[in-house]
Amino acid sequence: MLEEQASAAGLKGFLTGNYVETLGLLPALTMLMLLAFIVHIDHYIRADLKKTMRIIILALFSLILQNFLEYRLATGEVQWLARTLTAVYGYAIRPVILILFMRIIAPRKRFGWAWALAGVNAAVNATALFSHICFWISEDNHYHGGPLSGCCLYVSVILLVWLFVLSIRVFAPYKRKETWVPILVLALIVGGVILDKNVGLLPQPITYLTLAVIISCVAYYIWLHLQFVREHEQALQAEQRIQIMMTQIQPHFLYNTIATIRALCRRDAEKAGEVAEQFGDYLRQNLDSLNIVGLIPFQKELEHTKIYAEIEMVRFENIRVEYDIQDDRFSLPPLTLQPLVENAIRHGVRIREEGIVRVSTRNTEAGHEIVVWDNGAGFDVSKIDAAEGTHIGIRNVRERIERMCGGTLKVESAIGEGTAVTMTIPIQEKAEA
């Protein structure tokens, strides 16, 4: 009877111990399974990076299993071969995961020397199967380190240092906050090693280092998305610059300008040469705008606008463009003022016997104010946000003003009376704030 009670108590204690230990693994396992699912359904990460993330996740699953098995073997009956093989695998896989992190940062590098170090580390730890040069498990099931017991640690330190250097080299030029993610990951891994050395001697089914590496994997996935967002924004900006340039170089404007130059050649060769030179400057500045990512001085945009206006005033003698520039010491996105003047001429003042477009600037409390006014036909401002229409230039200008410098664009128009478009560019200090 006493023997049966003792057996039942032992079985209950064993099951309870397993339950508690397994419960301790649930947070790490849940985090990894959730990450694996998200990576699987994510269509935004590049295929090579997704493959590397999947390999890292599989390696981490195996590392959790290794931690748990090593813990069970260390606290149970002596099983020399099983515990030695488990320990060898644990020491061998850690540097591999660090190399995979390096592949996330620089996917085009092969890191042959790093894989060679990982191979040497695995070979050195595998000597535990037939010698005591690295480590061995004694008959009382205790771990003992040999002369080369620090091989995994030394190799990992070398890889961590290189991971830090690689992070600085690859991402420091971007000067963005997300570039600190790889560096914080290094600190997290080092913290896991320190915790294992100081408090990790207590019985636990999973080491602090393994938890740190799992959290690092999640951080790298988030970081990958931050990089995707940055690259996607750059691609959108480049595409938008091309679209804006194409909207400014309309075929009818090209043909009409060439026809104007040809007609001038017959009656005023000097004027024809002047217009041809202006037309060349106009095309060159439109093409140059493709390579400009940030803001440009207002004076440069005003110069481009004046060139366009001069060409149009040669074509249409009933049009006059006036300027009242009281403030010109600020910057704005390229191709913002010129499209507004073009819109005023093409859709506004051409119908007038005396069409007037006036460009004025001044410095106000709200910021640098630019007004493009015309006495043209006017239009219904509610149609600006229509999916299609003649006001796509205004929409593009407004979107870039808002996104690139925190400015605003307001349109006021009365049919038959004219239109006034007001852009406000915040003063630099306010925009930075």
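I started with helix 11, where Leu-337, Gln-338, Pro-339, Leu-340, Val-341, Glu-342, Asn-343, Ala-344 and Ile-345 are buried (under 20% relative accessible area, with exposed being over 50% and partly exposed in between, using a 1.4 Å probe and protein chains only). That makes nine of the 11 residues in helix 11 (337-347), so I noted the helix as mostly covered. Helices here are DSSP runs of H or I with at least four residues, numbered from the N terminus.

Ground rules, for my own reference. This is a predicted model, where local features need pLDDT of at least 70 and side-chain atom pairs pLDDT 80 or more, while totals for chains, interfaces and linings use all residues. Residues are numbered from 1 along each chain as its sequence is written, and side-chain values use heavy atoms, without hydrogens or water.

Next I looked up Arg-83, which sits in helix 3. Which side chain of opposite charge is nearest to Arg-83? It is Glu-70, 5.0 Å away, and Arg-83 is buried with no salt bridge (a side-chain nitrogen of Lys or Arg within 4 Å of a carboxyl oxygen of Asp or Glu). For charge, Lys and Arg count as positive and Asp and Glu as negative, with His and the chain ends not counted. The Arg-83 side chain does reach the backbone oxygen of Asn-141, at 2.5 Å. Setting aside neighbours within four places in sequence, I found Arg-83 in contact (heavy atoms within 4.5 Å) with Leu-73, Ala-74, Ile-137, Asn-141, His-142 and Tyr-143.

Then the salt bridges: I get nine by this rule. One of them pairs Arg-315 with Glu-312 at 2.5 Å, N to O, and both residues are buried. Why are they about one helical turn apart? Because they are three residues apart in helix 10 (298-315). I reminded myself that an α-helix has 3.6 residues a turn, so residues three or four places apart point the same way.

Glu-322 and Arg-320 also meet in a salt bridge, at 2.9 Å, N to O. Glu-322 has 23% relative accessibility, so it counts as partly exposed, and Arg-320, at 32%, does too. I also wrote down Lys-410 with Glu-412, whose closest N and O atoms are 4.0 Å apart. Shared partners join Arg-320, Glu-322, Glu-354 and Arg-358 into one network.

Last, I checked where Val-78 lies: in the loop between helix 2 (47-75) and helix 3 (80-105). Val-78 has 45% relative accessibility, so it is partly exposed.

Definitions and conventions: Helix = DSSP H or I, 4+ residues; strand = E, 2+ residues; numbered from the N terminus. Polar contact = N/O pair within 3.5 Å; in protein donor to acceptor, adjacent residues only side chain to side chain.
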